[in-house]
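Visitor: I am new to this structure. Please pick one part, take a close look at it with me, and then show me what lies around it.

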Amino acid sequence: MRRGVRPTLPVLPAAPAELRAVLLDWWDATRRDLPWRARPGERPDPWAVLTSEVMLQQTTAATVAGRFPAFFARFPSPSALARAELEEVLHAWQGLGYYRRARALHACAQAIETGHGGRVPDDPAALRRLPGLGPYTVAAVAAIAFDRPMVPVDGNVVRVGTRLLGLQLEPGAARTRVAEALAPLGLGPRPGDLAQALMELGALVCRPRGPDCAACPWRDPCRARASGAPDRLPLRPPRKIRPEQTTLAFLVRRADGAVWLRRRPEKGILGGMLELPSSPWGPARTIDEDLAHAPVAAAWEPVVGEVRHVFTHLVLRARLVRARLPEGAAEPRGGGRWFTPAELGRAPLPTLTRNLLRLGGLEPPPPPGRARS
Ligand code: SF4
């Protein structure tokens, strides 16, 4: 492509009004009842929409459906969340992962409280200025909560659009073209329902593998279906290999059962979350090299097995040693404090820490809102 020449806008395979009408009919007939969704005829609660959209960014609807009600009951308005301590927010976020979203939502609530009198602004430009909201979330909140004529384009919508348009592109390359091509669909009636219908179509029907084209309202105009192999689109990007890092974690317990935990640095992976003391994450080392990072001198007992935790850009393999300190022993070094079993129940524990505690034979309390199975 010559520099400065924009690729031609892909042409929709049917008139926007026609695509919109069949999609909205399908939505009216099949929409799921989800805890954050307004029922037909109800006005959406903008704060519920914003909170759920942030949760749904990297978490499945099924998981969010299980976690949203408890979180929303605790923080039913931007003001309630803005007033809460970050620690309390992180604790309530447990089970959803990607904790930077909880911090971003907290900062966003504070900006809504101070800049908008505690009400989610209905203007897309004002939404864009809130901390932590990217273009997708802004469009989703503007469309769903305020019926603004915007079409939010997430991964699911990129997939649906790429197939509908028959674009021979990878998702990253297709996103802008899909967004531009689908934008006219938002200009008609019910843009909020249209946005949700598109997302729902991607989640339930136009699945990554094995799309259910027979049940799709766009089966007639869809170019990928006409090709006979709809799930060949979008083209798959080459698989990224995540580098592997290792660590040795130390489970230290006091005679009364308390556990020593430290807080991770605010910036970076699991920022501000609680963890077991551990050796630096990095290439594999010998056990003696790892033991040099022990927070206290103790008779360390190796635990069989390991915890493998997949982050967005790396895989961590954590082994574990444990020790129980006798009464009167020196405090562990390197920051942290003792957590009694009761305090553990109120502490924000990421999945990695939970799994390490489990490996060490200690069942952590369930995250808030989830019953112990
Ligand atoms: S017809 Fe099939 S491939 Fe096309 S949008 Fe519908 S589900 Fe997706």
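Guide: Let's start with Arg 190, which is partly exposed, with 16 other C-beta atoms within 10 Å. Here a residue is called buried if 20 or more other C-beta atoms lie within 10 Å of its own, exposed if 12 or fewer, and partly exposed in between, with C-beta atoms placed from the backbone. Please keep in mind that this is a predicted model, where local features need pLDDT of at least 70, side-chain atom pairs count only at pLDDT 80 or more, and totals for chains, interfaces and linings use all residues. Residue numbers start from 1 along each chain as its sequence is written.

Although Arg 190 is not a glycine, its phi is positive, about 55°. You will find Arg 190 in the loop between α10 (171–182) and α11 (191–205). Helices (H or I, at least four residues) and strands (E, at least two) are DSSP runs, numbered from the N terminus.

Now follow α11 to its meeting with helix α9 (residues 155–165): the two axes come within 8 Å and cross at roughly 80°. Those axes are lines fitted to C-alpha atoms, for helices over the stretch in contact, with angles running from 0 to 180 degrees between N-to-C directions. So α9 and α11 are roughly perpendicular to each other, a label for angles of 65 to 115 degrees, while under 35 is roughly parallel, over 145 roughly antiparallel and the rest oblique.

On the α9 side, Asn 156, Val 157, Arg 159 and Val 160 meet Leu 198, Met 199, Leu 201, Gly 202 and Ala 203 of α11. Contact means that two C-beta atoms, placed from the backbone, lie within 7 Å. These residues of the α9 and α11 contact divide into 6 nonpolar, 2 polar and 1 charged. Ala, Val, Leu, Ile, Met, Phe, Trp, Tyr, Cys and Pro count as nonpolar, Asp, Glu, Lys and Arg as charged, and the others, Gly among them, as polar.

Leaving aside neighbours within four places in sequence, Val 141 is in contact with Pro 46, Val 49, Leu 50, Glu 53, Val 120 and Leu 127.
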